Amino acid sequence: MNNVLLVEDLRVYYDLPQGIVKAVDGVSFDVREGEIFGIAGESGSGKSTLALAIMGLLRPPARIASGRILFKGVDLTKLSDKEWRSIRGRRISIIFQDPTTYLNPVYTVGFQVAEVFEAHRGGVISSFLKDVIEIFKKVKIADPERRVTSYPHQLSGGMKQRVLISMAIAEKPDLIIADEPTSALDVTIQAEIVDLLNELRRSLRTSIIFITHDLALLTEIADRIMVMYAGKVAEIADRKSILSEPKHPYTRGLMESVKYDRKVRLKAIRGSIPSLIDPPKGCRFHPRCPLAMDECRIYEPKRVVDAKGGVVYCHLYKGE
Amino acid sequence: MVSSLSTYLFYRFLQAIVTFFGAMILFFFIVRILPGDPARILAGPEASEEDVAKIREALGLNKPIYEQFFIYLTSILRGDLGTSIKYGTPVVNEILARLPYTIALALVAEAIAVIIAIPLGVLAALKPRSMLSYIASLLSILGTSLPVFWVGLMLIFIFAVELRLLPSSGADSPKHIILPALTLAFFLTGNLARMTKAAVLEALSSNHVVTAIAKGLPFSKILVRHVLRVSLIPILTIISLQLGALLGGAIITETVFAWPGIGSLLVDSLFYRDYVLAQGIIMFIVGVFILLNLLTDIAYALVDPRIRDVLWRVR
Amino acid sequence: MEGKVALLDRIREAKRRRLKEQWNVFKSNRLAYLSLFILLFIALIAIIGPLIAPHDPYEFDLSKARSPPSLEHPLGADELGRDILSRILVGARYTFGVSIVSVMVGASIGTLLGLISGYKGGLWDTVIQRVNDVLLAFPTILLAIALVAFLGQGVHSLVIAIAVSSMPVYVRLVRASVLQVASEDYVVAARMLGLSEWRIMVKHILPNVIAPVIVQLSYHMGLAVLVASALGFLGLGVPPPTPEWGAMIGSGRIYLFSSPHIVFFPGLVISVTVIAFNMVGDGLRESLDPRVRALLRRW
C-alpha cells in the first residue's frame with residue numbers, strides 16, 4: 001500500500017509573549033492512497049494547526065519546530081516558496097471551514113475557481129469558463145452557467161462551501177485536506193457535503209484528510225480515524241475498531257458522550273482542555289482520565305502498535 | 001432586467017437631493033431660531049442701530065417666517081444666493097471669482113497627499129518593522145494631531161522668514177501655492193497613510209488571502225487581486241472622509257496664508273458681518289460636499305459588488 | 001437563594017477580572033499610559049489654572065510687549081505684554097475643558113439617539129438617520145463655524161457648536177453596533193421575558209456597544225481641541241481677551257516674524273494635548289477591541 005502522506009514526529013509551536021504554545025507536539029501518522037483519513041479532536045487539540053502545517057500555510061508566530069512531512073517522498077517542511085506553488089492547489093489542496101471569509105468578496109466565484117486553473121495551466125482566466133462550469137456540475141451546484149457570474153455574497157452557505165470544494169478538486173489533487181468543512185453549515189447541508197466528498201473521493205481517487213470535532217461523523221465516513229488531544233495523538237484506528245473497541249480512555253469518553261441510546265444518560269468527560277503553554281506532566285489526559293494510574297502522572301505514554309496496525313498512546317496498553 | 005447598479009445610483013442621487021434640502025432647512029433654522037433678536041446678535045455688541053437694521057434688512061428678518069422660508073428656498077433653487085452686504089455684488093459672483101483658487105489648492109494638496117501617503121501606507125503594511133513603517137506612523141500621528149494653522153505658521157516662519165525661500169501669503173505667483181499646499185497636504189497625508197496601512201494590513205491577514213495562497217497563485221497576483229483590490233474599499237471610505245477634512249482644512253489654511261479662495265472669503269465675511277455672503281458660501285460648500293460624497297459612493301458601488309445589491313444592504 | 005447570590009457574586013467577580021485585564025493591556029502600552037498622565041495633568045491645570053499662574057493672564061504691560069522668554073516671563077510675553085505661561089495655564093479650561101465637556105455632551109446625546117435608532121428601528125430610525133445625514137452633510141469645521149457664527153460669541157456657543165458637530169458620529173457608530181447586538185440571543189431572550197424596552201436598551205445593549213464609543217471619545221476629544229482652537233484662531237467662539245490657546249495664536253500671528261514665541265508655545269501645548277488624546281485612544285482600542293484581545297488570548 002502506498003503512503004500519500006507520512007508525518008513523522010511533527011511539532012508545531014507558537015512563540016507568544018506569554019510563552020511557547022505547543023499546539024502540535026510529536027504527531028506521527030500516515031495517509032494511504034484513496035482513503036478518507038479522519039482527524040478528530042476538540043478545539044485546541046491542534047488539528048487545524050496540523051492542517052495548516054501540512055499545506056505550509058503557517059504564519060509567524062507559528063513555526064515548525066521539528067519533524068518531517070513526507071508527501072510522496074518529498075519533505076514538505078523543506079520546500080521553497082516556488083516549489084510550493086506547484087504543489088498547492090494542484091497536488092494538495094485544502095477546504096476551509098468558513099466559506100464566507102475565505103472567499104474574496106469583490107470577484108465572482110467563477111473567477112476565483114478559474115484562478116486555480118490559471119495558476120497551474122497559465123493563460124487567460126476567461127478561457128477556463130467551460131472548465132469551471134464542469135466543476136460546478138460535479139459538485140452539484142444548481143444552475144452552474146448562471147452561478148459562475150455570481151458574487152459570494154449572493155450565495156448560501158452550502159453553495160459557498162461547494163465553491164471552495166470546486167477550487168480544491170479543480171486540478172485533481174492527490175490529497176485534499178478538509179478542515180471542518182461542515183462545521184459552519186446546517187445539519188442537512190452537512191450531510192450533502194459529506195456525501196459529495198465521499199463521491200468525489202471515489203471518482204477522483206484522491207485521499208482526503210477530514211478534520212472535525214464530530215467523532216460520530218467520522219465513524220460514518222472515514223476509513224481510519226486519528227484522535228488528537230492537546231497537541232498529541234491519543235489513538236489511530238480503523239472505523240470498525242473505534243466503534244467496537246475504542247482503546248484510549250479519551251476516545252471512549254468521546255464515544256460515550258454521543259451515544260444515541262435514549263435510555264443511557266449522556267456522559268460528558270469532566271474537566272476541560274489543558275493550557276498548551278504549560279501542559280500537565282506525563283500523559284496530558286491524566287487529569288481527566290477515569291483510569292489514570294501513577295505512571296500516567298509522570299511519564300508520557302509511548303506509541304503502541306497493535307496487530308491490525310492501530311496505534312494508541314496510553315499506559316494501559318503495553319505493546320501487544 | 002434592471003441592473004442593480006443603476007437602481008442604486010438612482011436611489012443614492014435622490015438621497016443626496018433630500019439631504020441637501022434638509023441641510024438648507026437646518027441652516028435656515030440655525031440662523032433664525034435664536035433666543036432674542038438674531039439681527040442684534042449677529043451685529044455684535046458694538047453695533048449701532050443702523051448696523052442692526054442693515055443686517056435685518058439684508059437677511060429679510062423683518063418679514064414673517066414663512067415668507068422668509070419661501071424666499072430662501074426659491075432663491076436657492078434659482079441659484080441666487082443673495083447680494084453681499086459688503087461688496088454689493090451677487091454672492092454667486094464673489095464665490096465663482098475665488099473658487100478656482102480653492103480648487104487649485106485642494107487639488108494640489110490632495111495630489112501631494114495621495115502620491116506620498118498611499119505608497120507609504122502600502123509599503124508600511126507590507127514591511128511592518130521597517131524604517132518606512134515608523135516614518136509612516138510618525139507622520140500620521142503628527143498629521144492628525146498638530147493644528148493646521150500652527151503648522152502653517154511654523155512653515156511660514158521657517159521658509160519665508162528664516163530661509164527667505166518662499167513667499168508667505170497671497171497668490172501672485174505659482175511659488176505662492178507651495179507652502180499652503182504643503183501645509184494642507186501635511187494634514188491630509190498623515191491620516192491617509194495610516195488608514196491605507198490599516199486597510200492593507202487588514203486585507204493581508206484576511207482569510208481569502210489564505211485561500212489564494214492555497215490555490216498556488218503567485219505572490220504578485222495575490223497582492224493585486226486579493227490584497228490591493230480589496231483594500232480599495234476602505235481606502236475609498238477614507239478618501240470620502242478626507243473630503244470633509246479637506247474642505248474644512250482649506251478654510252483654515254487659506255486664512256493663514258491669505259490665499260484668495262472661498263475659505264478665506266468665508267472667514268472675512270464673518271469678520272465683516274456680511275452674513276448674506278457667509279450664508280451663501282456655507283450653502284455652497286455644503287452642496288459641493290454632498291456632491292463629492294455622492295461621487296465617492298458611486299465609485300464605491302463600482303468597486304464593491306456588495307453595495308450594489310440594495311436588498312443585501314437593507315437588513 | 002444561596003445559589004443565586006453566589007452566582008451574582010461570581011458574575012461580579014468575572015466582570016472585575018475582565019476590567020483588570022483590560023487595564024493591564026492598556027498599561028502595557030507605555031505611550032498610552034504616559035499620555036493618560038499627561039492628560040490628567042492638563043485636566044488638573046484646567047481646574048486650578050488661575051491659582052498657580054505666576055501673573056494675571058489679563059493684565060497687560062505694553063512696555064514688556066512681545067518680549068522673548070526670560071526669568072520673569074518663562075515663555076515670553078504676548079503682543080500686549082501679557083505673560084504667555086499664565087495665559088496658557090488659564091486657557092486650559094477654555095480649550096481643553098470646553099472640548100471635554102462638549103464631546104461628552106455630544107457623545108451622550110448621540111449614543112442615546114443611536115440606541116433608539118438602532119433598537120427601535122422603523123420610523124424612529126428613519127427620522128433620526130435622515131437628520132443625522134443632514135448634520136453629516138456639513139464638514140465638521142464648517143458646521144462648527146456656522147453654529148458659532150450665528151449663535152454669537154461666548155463659551156456657550158463653542159460648547160453647543162462642538163457638541164452638535166460631534167453628535168452624528170456617535171449616532172452612526174452606536175446604531176451600527178446595536179444592529180449587530182440586537183439580534184444576539186441574550187437580547188432576544190430579554191425581549192421574550194417581557195422586559196421593558198428601556199431596560200433592555202440600557203442594561204443589555206448599552207454595555208456591549210459602549211466599547212467603540214469609549215475609543216472614539218478619546219480621539220474625538222483630541223479633534224475637539226483642534227476644532228476649538230481653530231475657531232479661536234479665526235476669532236470666533238470665545239471673545240477676546242480670553243486666553244484660549246487658538247485665540248492666542250490668532251492674535252499673535254501678525255508678529256510671527258519678530259516674535260515667533262507668541263505663536264509657538266500655545267501651538268506646542270495644543271499639539272501635545274492632541275497627541276496625548278490620540279495615544280490614549282490607541283491604547284483604549286488595543287485594550288477594548290475584542291478582536292485584538294481574542295488574538296492575544298486564543299492560545
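Mentor: A residue is buried if 20 or more other C-beta atoms, placed from the backbone, lie within 10 Å of its own; it is exposed if 12 or fewer do, and partly exposed in between. The model is predicted, and local features need pLDDT of at least 70 and side-chain atom pairs pLDDT 80 or more, while totals for chains, interfaces and linings use all residues. Residues are numbered from 1 along each chain as its sequence is written, with chains lettered from A and ligands numbered from 1 in the order in which they are written.

Trainee: Which residues of α11(B) are buried?

Mentor: Helices are DSSP runs of H or I with at least four residues, strands are runs of E with at least two, and both are numbered from the N terminus. Helix α11 of chain B covers residues 262-271, and eight of its ten residues are buried, so the rest of the structure largely encloses this helix. They are Ile262(B), Gly263(B), Ser264(B), Leu265(B), Leu266(B), Val267(B), Ser269(B) and Leu270(B).

Trainee: How many residues does chain C bring into contact with chain B?

Mentor: The count is 35 residues of chain C against 36 of chain B. On the chain C side, the elements giving two or more residues are α4 (122-136), α5 (140-151), α8 (197-233) and α10 (261-288). The largest share, eight residues, is that of α5(C). For residue classes, Ala, Val, Leu, Ile, Met, Phe, Trp, Tyr, Cys and Pro count as nonpolar, Asp, Glu, Lys and Arg as charged, and the others, Gly among them, as polar. This side of chain C divides into 24 nonpolar, eight polar and three charged residues.

Trainee: How do α2(C) and α10(C) cross, and at roughly what angle?

Mentor: Two packed helices are described by the angle and the distance between their axes. Here axes are lines fitted to C-alpha atoms over the stretch in contact, with angles from 0 to 180 degrees between N-to-C directions. The axes of α2 (residues 30-52) of chain C and α10(C) come within 8 Å and cross at roughly 135°. The two helices are therefore oblique, the class left over when under 35 degrees is roughly parallel, over 145 roughly antiparallel and 65 to 115 roughly perpendicular. By class, their contact has eleven nonpolar, three polar and one charged residues.

Trainee: Which residues of α3(C) and α9(C) meet?

Mentor: The axes of α3 (residues 84-120) and α9 (residues 245-252) of chain C come within 8 Å at roughly 120°, which makes α3(C) oblique to α9(C). Arg87(C), Ile88(C), Gly91(C) and Thr95(C) of α3(C) meet Trp245(C), Gly246(C) and Met248(C) of α9(C). The classes here are three nonpolar, three polar and one charged.

Trainee: How many helices and strands do chain A and chain B have?

Mentor: Chain A has eleven helices and twelve strands, whereas chain B has 14 helices and zero strands. Of the 320 residues in chain A, 45% are buried; of the 315 in chain B, 42% are. Among contacts in chain B between residues at least 6 apart in sequence, 71% join residues at least 24 apart. The C-alpha trace of chain A spans about 65 × 50 × 40 Å along its principal axes.

Conventions. Two residues are in contact if their C-beta atoms, placed from the backbone, lie within 7 Å.
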